[in-house]
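Subject: Structure for your review

Hello,

Here is the structure I said I would pass on. My notes follow below it.

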Amino acid sequence: MSVQTAVVLAAGEGTRLRPLTRNRPKPMLPAANRPILEHVLDALVDASVRHIVLVVGYRRERVQEHFGPTYRDVSLEYVVQGKQLGSGHALLQAREVVDGPVLVVNGDRVIEASSVRDVAGAYEEGSAAAAIAVLEHPDTGQYGAVTLRDREVADIVEKPDTDEYRLINGGVYAFSPSIFDAIAETPREAGELALTDTLSRLLDSERVRGVHTQGLWVDATYPWDLLAVADEVLARGRVAEPLRGDRVWVHDEATVHPDATLRGPVVVGPDSEIGPGAVLGPTVSLGGNVTVGPNATVERSVVDIDARVDAGSTLRDAVLGGGVHLGAATTIPGGPADVRVGSRVFESQRLGAVVADRTQVRGGASFAPGTLVGPNVTVGPGVHVTGTVSEGAEVVR
Amino acid sequence: MCGIIGCVGRDDGTLETLVHGLSKLEYRGYDSAGVALTGPGTGLDICKRAGEIDDLRDGLAGRTLSGTVGVGHTRWSTHGPPTDENAHPHMDCAGNVAVVHNGIIENYQPLRDELTRAGHTFTSDTDTEVVPHLIEDALEGGPDPEEAVRTAISRLDGSYAIAAVVAGHEVVFAARNDSPLVLGIGDDALYLASDVPAFRDYTDRVIYLDDGEFARLDGAWTVTDAEGTVVEKPVDTVDWDPEETGKSGYDHYMLKEIHEQPRALRQCLRGRVDELGGAVDIGDLGDLSPTGVQFVACGTSYHAGLYAAGLFRAAGVPAQAFLASEYASGVPPTGDALVVGITQSGETADTLSALREARRRGARTMAVTNTVGSTAARECDHAFYIRAGPEIGVAATKTFASQLAALNLLALATAGGDARDIVPALRDLPGDVQAVLDDSTAPAVAETYEDAPAYFFIGRGLHYPVALEGALKMKEITYKHAEGFAAGELKHGPLALVTENTPVFAVVTGDGELARKTVGNVKEVEARNAPVVAVTDGASDVERYADHVLEIPETHPRAASVLANVQLQLVSYHVAARLGRSIDKPRNLAKSVTVE
């Protein structure tokens, strides 16, 4: 592949994923038990990209600390987007450190190397000013909807109201260096520069290849989507830990008691401990340094780094943030439920509860299906929690 | 304290390899730097400058140095001020021999007198310059260069890691006594340096030289003892990633290393704690059951020693911490005590000499260090690694956190005590440190007090060493006056220093007796109108008397010390950043001090 430089847009918070983004940007949320961004970088490295520029902004220390100066022997360069003023503005920040043609990818969606290779290959055929990945998606209204004519992009519309579209912009692009001038010349909309606005303008004068990609492509829009993302990632075995049984992956530095039961797919991260009698799975992702106490039961859940699930707890369809502590005999019985976010209601979501970073639950508490709990909340013993609980609250009976 | 490097086999890349290596060794000294190159059939090309590596680069910009073999040096002055003349490499009268040296040659004055009488002319104030002249002397009469270098080395007393090249010969010679020296074995090239990061980008295979050994690097490597007998040396593999030596988006290594503490603590604890079993496992070391412990250390490591002595005493084992430089000059009775040297680099000269003195008196010794293969690790009966990964910033941050975690493990495993409370707190520690990093209000505190003429830090029990360390960090990187006190000592003197312009940082956690007493001391300070910054978990009422609060998560008191220290690191960092200090390389300081 001759395009060897990639810019990864990883500066945005992802506000719709609050409260999970309290301490980190969306690219650092877990896809199973690794950050989404790690999957993105894997795709780039597997596609032979040799130089990666990360545009960071919101809570950028979390990205910088996790990846450091190189990833899988590929050098990483960090560029800071001080204010998050759109994807075009983000890309513009990388202008000084990039020369020659460049790949651009969103850092907050799991993609596959084949998509990167296909887009780079189409660009390298040399007939178009840019190439972008397109894919079929049932929910075009959430994304940039695309229509193709022959193999070229005819139209691109951000979050259309109609359901006439079938294809969306996959967020994988190849550009010539002239893209930076094109962005700079694009008028701002409400102070922001969206990359798709520049692309639409480009369509008036240039040819843009649309590359139909088939590979894994998963995105989380709302916190409970992390469960579906984990389903996909585990189903394809996209985990870093060694295989220990039928779709059971356990890190070398994790401790699983011989009397614990792991029903695949299950992944257990480094330094984690699983107590006797615990039953994990199917579809459970544990990050690093997680403790699951004796006789706890965990099904279809994502449990992030440093979380602690004490003895006798039951979790189903749960997303636990980093450092969450569930005391003994906590119960999250699982979905489906109607989830209320602000004034919107999402009906029949398969969600037990989302519990954000460092919330402490004292034991014997239970969570109504569809509960959203903010970070640093304290839940007293035996409380039944429902609805939405905001950051730092103390919930008592 | 200096850093040396040498390489052979890099052909046209020799100069670049040397300069790159020096930049990786800059933490060992940065008041002058230089390189010398030669090759078959060519003379000696040399360039050296007072100042940082960048000044050397400027000096090289207008010149072409050629050669396929060379040595380089980055200096931290011990003999003579930082000038171009005193920078290494040093040469003989004829300009055919170039030498770089780390350490102190104790008999340099008589050697210099002797050489001067014999007609040699010296151009620097350094002790090192005697070495090239000794080699020049030995070369007369035509023995081969190796024999000449050996003869010169045999005349030296003191501590040294020395590398030398002789014009026209594609060989680097090196010798070690009491100063670190490691060889790097690449596929097509060979390296030597004071520390592995100098050549880690080219190879991960290393040979640690021992005192009295002599190395010859040409197409192959040979290590011999003082008599010239070949020594079989094991080739070790280092597992440090070169990736860990870039700044990755941070303004300073210090801030990067502060943010790396959760990761460093995870590595320190990995495989050593078993929460569900309520136990710690540190291998064979766990079988030691010392009847007494003496910690010897310097600087930040000494504060870790004070903390550790507290842990052992709490478990009923008599324990004390000593400043290594004082210990060596008046060794206390050791009895059956285990003598534990705490040294990040494993090369701290004061700590090494304290450990040697203890050993000479028959004590068992242990090194608690970050550096596998370091002199301390090899010389002691036992070595316990803190696994913090490389630390580049001169001011120690993550290695202090990892020392505290490691020393908790050591105390639990060897002195006993109930691990069931502490192990969960240790496993929570990486996440708790992350919580401090995510939410710290230290930047605001720094902004408020950046102009203060002095800063005071108080703590009690295990928080006393934290107060000392908080003050040391502030001194090191802000160049401001800062002192740490045991909270109860304040009223016995230091309170006279406290004014409305001197912020007092009080570390208060829990709401037990210690906390209540410290809150009493805070009231004494508040009554003198001094601004109070409380570092607290919110359990006591100290916040009522504080102008600012730096919050830490509630946890076991032992873990609270680590968390409180992170807040104080951040305050010092942000004050220094606002003042525009040279944070990673503060004036007059070097990372690991290999002179006494």
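Where in chain A is the place of G370(A)? The model is predicted, and in it G370(A) sits in the loop that joins strand 35 (366-367) to strand 36 (371-373) of chain A. This residue is buried, since 27 other C-beta atoms lie within 10 Å of G370(A); the cut-off for buried is 20 or more. Leaving aside residues up to four places away in sequence, G370(A) touches G335(A), A337(A), D338(A), V339(A), Q349(A) and L351(A). G245(A) is 125 residues from G370(A) in sequence, and their C-alpha atoms are 32 Å apart.

Next, the contact between the chains. Chain A contributes 24 residues to the contact and chain B contributes 20 residues. On the side of chain A that touches chain B, the elements giving two or more residues are helix 2 (60-67) and strand 6 (74-80) of chain A. Helix 2 of chain A supplies the largest share of that side, four residues. By type, the side of chain A that touches chain B has four nonpolar, twelve polar and eight charged residues.

Chain B as a whole comes next. It holds 17 helices and 26 strands. The C-alpha trace of chain B spans about 80 × 50 × 40 Å along its principal axes. A compact globule of 596 residues would have a radius of gyration near 25 Å, and the 25 Å of chain B agrees with that. Of the 596 residues in chain B, 60% count as buried. Among the contacts in chain B with a separation of 6 or more, 70% are between residues 24 or more positions apart.

One helix pair in chain B is worked out in detail. Two packed helices are described by the angle between their axes and the distance between the axes. For helix 13 (residues 419-439) and helix 17 (residues 557-579) of chain B, the axes come within 9 Å and cross at roughly 15 degrees. Angles under 35 degrees count as roughly parallel, and helix 13 and helix 17 of chain B are therefore roughly parallel to each other. The crossing of helix 13 of chain B past helix 17 of chain B is right-handed. From helix 13 of chain B, the residues that meet helix 17 of chain B include I422(B), L429(B), D432(B) and L437(B). Among their partners in helix 17 of chain B are R558(B), V562(B), V566(B) and Q567(B). The residues of this helix 13 and helix 17 contact in chain B comprise eleven nonpolar, one polar and two charged.

Regards

Definitions and conventions:
Residues numbered from 1 in each chain as written. Chains lettered and ligands numbered in written order. Predicted model: local features only at pLDDT ≥ 70, side-chain atom pairs only at ≥ 80, totals over all residues. Axes fitted to C-alpha atoms, helices over the stretch in contact; angles between N-to-C directions. Parallel < 35°, antiparallel > 145°, perpendicular 65-115°, else oblique. Left-handed = near helix turned anticlockwise from the far one by under 90°. Contact = placed C-beta atoms within 7 Å. Nonpolar A, V, L, I, M, F, W, Y, C, P; charged D, E, K, R; others polar. Rg over C-alpha atoms; globule rule 2.2 N^0.38 Å. Buried ≥ 20, exposed ≤ 12 C-beta atoms within 10 Å, placed from the backbone.
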